[in-house]
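Colleague: I would like to learn how to read a model of this kind, feature by feature. Could you take me through it with the sequence and the structure side by side?

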Amino acid sequence: MVLTVLAAAACTAGPDGAGGLSTDESSAGAATAETIATGLDAPWSVAFAGSTALISERDTGRILSVNPDGTTYEVGSIAESAGSGEGGLLGIAVQDGVLFTYLTAGEENRIDRRELSGDAGSWGLGPPETVVEGIPAGRVHNGGRLAFGPDGMLYATTGDAGDRDSAQDLESLAGKILRMAADGTVPADNPLPGSLVYSYGHRNPQGIGWDADGILYASEFGQDTWDELNVIEPGGNYGWPEVEGMAGEAGFIDPVQQWAPDVASPSGIAIVKESAYIANLRGERLRQVPLADPGTSTDYFTGEHSRLRDVVNAPDGSLWVLTNNTDGRGKPGPDDDRILRIELPD
């Protein structure tokens, strides 16, 4: 295992809302990163089943489990997953011994569920049961994050799949955040009666997380100008493709923070205490955003581990982070891709 220690760079919001690196790198403290596992192939999502981590690989369709010694074994393969472009086996979530998967299959994205059979260390996958089908798919902008909220409901992020206007179309499941029961049915208290749509006007959201008060935050890839961190309101319209970033236009909800894509491309989110931690791809950093002051941020490991795809809360209180350098857009090192275990400063 490799351990690195890196001081953080503090960021402040500029007058245009873009984060800018501060010259003071001492006040934010240091974080440590330990390599837990190596040799992964375009990993996309981490989910814990008890104390055991499961990993999805986008292109191979494999679900892997991580052993205590850092080795991995294949729990199963999602044969229906079609790894093409940004599609394939994407987000995973676990509830009550059931694995939920978001995958691209042909011209659709869908959500399936499978029982985890056996015991930790020798798990297998039961037969699939479709939860939601017919989510539009494309070579780009498939969204794909899955997570159970504090209300026990399953949330899913979907991209516009290259059809910009679909994000504003309430009859389409593209460009949305969806909320559903574990069997895919529409909760009675969803904001749009009879609809899975929880929020809309999204381009390609890939991270969701809740704070201690149950407030939902989501990260989103912009086009050329702004990537976003949003506070999600039930039934809210987040503007795409009419606006991008902090537009200040009536009828659309502005993000609480925005960044130029070359220092961001935000994917997975984990919320620890009073901060959101965001894995960034092009920006090649783990970004901390204090929720009490979301216009500011602190960066960790900038350029140290290259592209970062997901970050999750581990049972021991650390963060686990997936690198994403073998997905066709990165420059993989000899051990890529990897799982990092992050210890944050107090």
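Modeller: Let us start with A42, which is found in the loop between β4 (30-37) and β5, where strands are DSSP runs of E of at least two residues and helices runs of H or I of at least four, numbered from the N terminus. This is a predicted model, in which local features need pLDDT of at least 70 and side-chain atom pairs count only at pLDDT 80 or more, whereas totals for chains, interfaces and linings use all residues. Residues are numbered from 1 along each chain as its sequence is written, and side-chain values use heavy atoms, with hydrogens and water left out.

Colleague: What is the phi of A42, and is A42 buried or exposed?

Modeller: Most residues other than glycine have a negative phi. Phi of A42, however, is near 45°, a positive value, and A42 counts as buried because its relative accessibility is 1%, buried meaning under 20% relative accessible area, exposed over 50% and partly exposed in between, with a 1.4 Å probe and protein chains only. A161 also has a positive phi, near 55°; A161 is found in the loop between β15 and β16 and is buried at a relative accessible area of 17%.

Colleague: How many residues make up the largest nonpolar core, and which touch the most other members?

Modeller: In soluble globular proteins, nonpolar side chains tend to be buried together. A nonpolar core is here a set of buried Ala, Val, Leu, Ile, Met, Phe, Trp, Tyr and Cys residues joined through side-chain atoms within 4.5 Å. The largest has 21 residues, of which F100, I111, V132, L146, L154, L178 and M180 touch the most other members. Among the elements that give two or more residues to this core are β10 (98-105), β13 (129-136) and β16 (176-180). A second, separate core of 15 residues includes L54, Y73, L103 and W123.

Colleague: Which residues line the largest pocket nearest its centre?

Modeller: A pocket is found on a 1 Å grid over the protein atoms alone, as an open set of points with protein on both sides within 12 Å along at least five of seven lines, whereas a cavity is a set where a 1.4 Å probe fits but cannot get out; lining residues have an atom within 4 Å of a point. The largest pocket is lined by 23 residues, with A147, F148, W210, V312 and N313 nearest its centre. Elements that give two or more residues to this lining include β14, β18 (205-210) and β26 (308-313).
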